[in-house]
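Open the model in your viewer and keep the selection tool ready. Each stop tells you what to pick and what is there.

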Amino acid sequence: MELTKTLGRRMLGAACAAAIAAPLAVATPAIAQSYPSADETLDWTIAFGPGGGNDIMARSIIEILNKYDLYDGEISAENRAGGSGAVGWGYLYGQDGNAYGISTTSGSFVTTPLQADTPWQPESFTPVALLATDDLVLVVNGDSEIDTIDEFIANAKANPTNIGGTGSVNVDFIVPTLFAEKAGFEFDYVSFNSMSEQTTALLSNALDAMVGNPGEILGLIESGDLKPLVFSGQTTPAALEGVPTMGSIGFDIGVSMPRGLILAPNAPAEAQEWWINTMKEVVQTPEWGEYISSNTLTPTVLYGEDFRQFLVNTKNGFEVVLREVGAID
Amino acid sequence: MDIFADLMMGLSVAISPINILYLLIGAIVGMIVGVIPGFGPSAGLAILLPVTFGMDPIGAIMMLAAIYYGAMYGGTITSILLNTPGESATVASTFDGFPLAKNGRAGPALVMQAAASFVGGTVGVILITILAPLFSQVSRSFGPPEYFLLAVMGMLTLLVMIGSNWKLGVISALIGFALGTVGVDLETGQGRYTFGSAELIGGIYFIPIAIGLFGLGELFYAFYNGLHKTGTGGIVQYDNEERFWPTAQDWLSTRMTMVRGSVLGFVVGVIPGAGATIASLMAYSTERSLSKNSENFGKGEMAGLVAPETANNAASSGAMIPLLTLGIPGSASTAVLLAAFIMWGLRPGPLFMEQNPEFAWGLIASMYLGNMALLAISIFAIPLFVQIIKVPYRMLAPCIVVVCALGTFSVHASFVETYLMFAAGIVGFFMRLYGFSPAALVLALVLGPLAEEALRQTMTISRGSFSIFVERTPSLWIIGVTLTLIVLLPMLNRFGKPKVDQPAKADG
């Protein structure tokens, strides 16, 4: 909840959650036995190819469900990649009312509908839980004279500065833009196609700084080739100990990429309730802790309607920034 | 020798029976994913990745790496036999590979490609073994200005590929550049010619275009010539079993090509993002410029097949350098390998080889073994593959259509891309009929977006000043090499050619 700081938004979220949760609480006991049925196969859509962040998350959850016998029936996980997630989530969107269609979300879940005419929006689906957020770390070259975020901001106010990131209609662009607005400096954003291109650009001293997922550059941070200055999440992961968060220096931006779980639109309430309760158990397992730490995610848990509200807030926040810069119209 | 001790230690890790088994499985799977058009190593790796969850990481990485470089061996087979590149890095191998097969030299072409792959792969591993730290400096000195200059250097290749009819060649290249503008603009995030389609956000991928232009285009052209009516004739001639092995002339004339292709391929492979495809195209054009028989290129010149083959295999080894020494993947395939490293709890980065010597050196040692295994598998498999071209054309043709369609679909499971492939097939037929250059189109489609993005990144960084290109040492090096090539190559050609041409003229 701390991610969405505005009081008004919080109240709205809570009101929505209460409105939906009340009938749920009544309905659950009667049908709880029937879901999930062991005869039905759970159709788990992974909207990206194998090996990516979304895929690893889905398979980690499935492994935990199997290990602790949390799900009785068969689980069939399928990679339905294409169109930055449009294909996979479009497939789930088509299963309106189905209790056995499920999928994991990532950043594109918010950005793809902003970019293309998808029939669905992030809030169209039945939300189960936000489990973690992907946050970014701002780094400079290890040889840089800049050692702290204060020095970086002071330097950026005095000299033209550029910051690299992957893509333009996504969190890599939005995080530094919001941060710079709050901290009062200007910069040129340089967008790259992949993390590897932007990392070499920074190592070759073409860039002044870049943002990236800590998990992908921890090796370079550990060896001193890259210097971490500030982290966009609410709490700094263990591997980045000593690095301040944007919030701790007074420039909280309240935006991050959701890693969560959704069901098909209008899925039965007992299915949503069952998954919420089950995910409460999943996040307690040591395996889940290991997944969070090895992928340097920030554990941020929101259930049901709170998650839907989080998605709406994130989408609106993105839309404002992207419209300001003319990336979308 | 430290390196030697490390390598021996790695070999002792790699050589356990179970690891050898994994290595062989990887090599065979790699060959197979290479053979299927469009279905490249990154797709093959990604599919097998979940299988490795519970495996010992060393065996698993040996298997995955073997898939990666094994695909470079298999990818050429369909380039030679069907004019359909098995994967992107073997597009250049169709230029002379297919004409060779058409001229009745399919056997020698396949043997030479296996040998060239082996040389390229092995030279690549040797260079990793002895020069990894040095080359890691190369991969970390490349920023946007250098990528732009590299793309410009690659465009020199276009001049070579445009061929004799420069007007048609230029039009072909312009079509390629135009197709390259489709997709979300990287800098502003605005869609260009995407018509709101989610499938076109990522732009037009060149694999469906290449498969359509080369594979289907060739097929339609063969129909046009009535090849399907000739009773038993295959798409290419193959009647003389004695000519299975390459001649001494083939080996002798390409020995320097192998050396040049290996070194060039490795260096380009070391640069993240450049990769085996660009390496093979550059090797082809370099070889063509240097050759005394440059007019034979495109008509079945052995050096024109050997150059891209050594280069793409050496490049796939080179791409392991930024992965192992910096934790930066240089290509889609190495990005999957990186994901695997992280999944197994390893932390790739500059300290990786120091902290995990068994893993890193086990992998390097396994690459020597893997390349040997692949050479053997290739040579044994050639007689099998040669059977393909003995199948009557009227039976083979529908199979090629199916393979092209399935191969394209399997890349991103995209119907839009499959339709594009068929459209490219029709366009390819007309290009072939009227003498346009499909190769120039594909190359422009690869290099255009690369050059555009790199130039715009450079201009943002330099705030609009072009002086950034001469302020950075690596940039100056590339400019120097490019200018040398422009000035030197035509001169070399002028000196080289008369010796060959004059006797011919005397005859006339």
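This is a predicted model: local features need pLDDT of at least 70, side-chain atom pairs count only at pLDDT 80 or more; totals for chains, interfaces and linings use all residues.

Residues are numbered from 1 along each chain as its sequence is written, chains are lettered from A and ligands numbered from 1 in the order in which they are written, and side-chain values use heavy atoms, with hydrogens and water left out.

**Stop 1: a helix in chain B**

Select residues 92–102 of chain B, helix H5. Helices here are DSSP runs (H or I, at least four residues), numbered from the N terminus. Of its 11 residues, 10 are buried, so H5 is largely enclosed by the rest of the structure. Buried means under 20% relative accessible area (1.4 Å probe, protein chains only). Among the buried ones are B:Phe95, B:Asp96 and B:Phe98.

**Stop 2: where the chains touch**

Show both chains. Chain B brings 45 residues to the contact, and chain A brings 45 residues. Contact means heavy atoms within 4.5 Å. Next, highlight B:Arg140, B:Leu186 and B:Arg347. They supply 16% of the area that chain B buries against chain A, more than any other three residues. Buried area is the accessible area (1.4 Å probe) that two parts lose on being put together, summed over both.

**Stop 3: a salt bridge**

Which residue pairs with A:Asp188 in a salt bridge? Select B:Arg463: the closest N and O atoms are 2.3 Å apart. A salt bridge puts a side-chain nitrogen of Lys or Arg within 4 Å of a carboxyl oxygen of Asp or Glu. The count between chain B and chain A is 1.

Definitions and conventions:
Buried means under 20% relative accessible area, exposed over 50%, partly exposed in between (1.4 Å probe, protein chains only). Helices (H or I, at least four residues) and strands (E, at least two) are DSSP runs, numbered from the N terminus.
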